[in-house]
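Student: I have a model open and would like to talk it through with you. Could we start with a single residue and widen the view from there?

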Amino acid sequence: MTGAVRPSPEGTFELERVGFAHPDVTLLVAEVQDFYTARYGGPDETPLDPAMFEPPTGSFYVGRLDGVPVATGAWRRTEVGTFPGLVTVEVKRMYVAPRAQRRGLARRVLAHLERSAAEAGARAVVLETGTMQPEAIALYTSSGYEPVPGFGYYKDAPLSRCFGKRL
């Protein structure tokens with residue numbers, strides 16, 4: 001499944017669903033882990049099983065700008081009880097490489113994740129980010145996400161912030 005290709009003055013951006021082991025995913029996840037290490041002193045240690053991101057219970061996407069991998073985003077079904085009675089997914093691995101930031105690509109990736117999750121039956125989305133990522137918090141809150149109780153691997157981490165949204 002491929003996202004819409006939309007040319008812009010900054011280039012052509014395309015989202016493609018790929019497996020977690022795809023070489024572009026490996027490259028970009030290593031970049032985001034370096035980012036986390038720079039900001040937080042260590043990588044994201046959330047345990048992830050590649051099968052979590054396989055349809056119908058998940059999907060992983062790579063965004064390419066003029067054919068060059070610059071962004072990732074994924075969702076996986078979750079049993080987090082933030083929205084009782086609603087099929088809920090968790091957004092994971094949202095990342096836009098610094099070389100492609102400030103072009104609205106993160107907002108496009110997030111919108112695509114929401115849309116593809118809704119098409120797969122999700123009615124709510126949750127996510128976790130950190131206090132040292134104010135740009136991510138600004139993206140999520142400006143996209144309609146509201147603070148929710150902590151969950152997952154970083155549930156009790158003081159630098160963790162969780163958000164959710166009904167679709």
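Student: Where is Arg 102 found?

Tutor: Bear in mind that this is a predicted model. Arg 102 is found in the loop that runs between β5 and α2.

Student: And is Arg 102 buried or exposed?

Tutor: Arg 102 is exposed, since its relative accessible area is 87%, and a value over 50% counts as exposed. Its backbone deserves a look as well, as phi is positive, about 65 degrees, although Arg 102 is not a glycine.

Student: Where does Arg 93 lie, and is it buried or exposed?

Tutor: Arg 93 lies in strand β5, and with a relative accessibility of 7% it counts as buried, whereas Arg 102 is exposed.

Student: While we're on the backbone, which residues does a cis peptide bond join?

Tutor: The cis bond joins Pro 55 and Pro 56, with omega at about 10 degrees. Pro 56 sits in the loop between α1, which covers 23-40, and β3.

Student: OK, zooming out: how many helices and strands does the protein have?

Tutor: There are three helices and eight strands, and their order from the N terminus is β-β-α-β-β-β-α-β-α-β-β. The radius of gyration is 15 Å, close to the 15 Å that the globule rule gives for 167 residues, so the protein is as compact as a globular protein of that length. The C-alpha trace spans about 40 × 35 × 30 Å along its principal axes.

Student: What share of the residues counts as buried?

Tutor: Of the 167 residues, 45% count as buried. The protein exposes about 8,300 Å², and carbon and sulfur atoms supply 55% of that area. On the contact side, if you take pairs at least 6 apart in sequence, 65% of the contacts join residues at least 24 apart.

Student: Which residues touch the most other members of the largest nonpolar core?

Tutor: Those are Phe 13, Met 94 and Tyr 140, in a core of 25 residues. The elements that give two or more residues to this core are β2 (11-18), β3 (58-65), β4 (68-78), β5 (88-96), α2 (105-119), β6 (124-130) and α3 (134-142). The largest share, five residues, comes from α2. Apart from this core lies another one of 12 residues, which includes Val 25, Val 32, Ala 74 and Tyr 95.

Student: Now aromatics: how many pairs does a search of the whole structure find?

Tutor: The search finds six aromatic pairs. In one of them, the rings of Tyr 153 and Tyr 154 have their centres 4.9 Å apart and their planes at 85 degrees, so the pair is edge-to-face. Tyr 153 is partly exposed at 47% relative accessible area, and Tyr 154 also counts as partly exposed, at 22%. Elsewhere, ring pairs link Phe 20, Phe 53 and Phe 60 into a cluster.

Student: I also clicked on Thr 78, so what is it in contact with, leaving aside neighbours within four places in sequence?

Tutor: With those neighbours set aside, Thr 78 is in contact with Thr 88, Val 89, Glu 90 and Val 126. Thr 78 is placed in strand β4 and is buried, with a relative accessible area of 16%. The C-alpha atoms of Thr 78 and Val 125 are separated by 9.2 Å, although the two residues are 47 apart along the chain.

Student: And Ser 143, is that one buried or exposed?

Tutor: Ser 143 is buried, as its relative accessible area is 16%, and burial means under 20%. Ser 143 is in the loop between α3 and β7 (146-147), and it touches Arg 107, Leu 110 and Lys 165, not counting residues up to four places away in sequence.

Student: Last one: which residues does UniProt list for the domain?

Tutor: The unreviewed UniProt entry lists residues 20-167 as "domain: N-acetyltransferase". In the model, that span is 28% helix and 30% strand, and its end C-alpha atoms lie 25 Å apart.

Methods: Residues numbered from 1 in each chain as written. Predicted model: local features only at pLDDT ≥ 70, side-chain atom pairs only at ≥ 80, totals over all residues. Heavy atoms only, no water. UniProt positions renumbered as here; feature names shortened; annotations may be inferred. Helix = DSSP H or I, 4+ residues; strand = E, 2+ residues; numbered from the N terminus. Core = buried A, V, L, I, M, F, W, Y, C linked by side-chain atoms within 4.5 Å. Buried < 20%, exposed > 50% of the residue type's maximum accessible area, 1.4 Å probe, protein only. Rg over C-alpha atoms; globule rule 2.2 N^0.38 Å. Contact = heavy atoms within 4.5 Å. Areas by Shrake-Rupley, 256 points an atom, 1.4 Å probe, with all protein chains shown as cover. Phe/Tyr/Trp six-rings, centres within 6.5 Å; stacked < 30°, edge-to-face > 60°.
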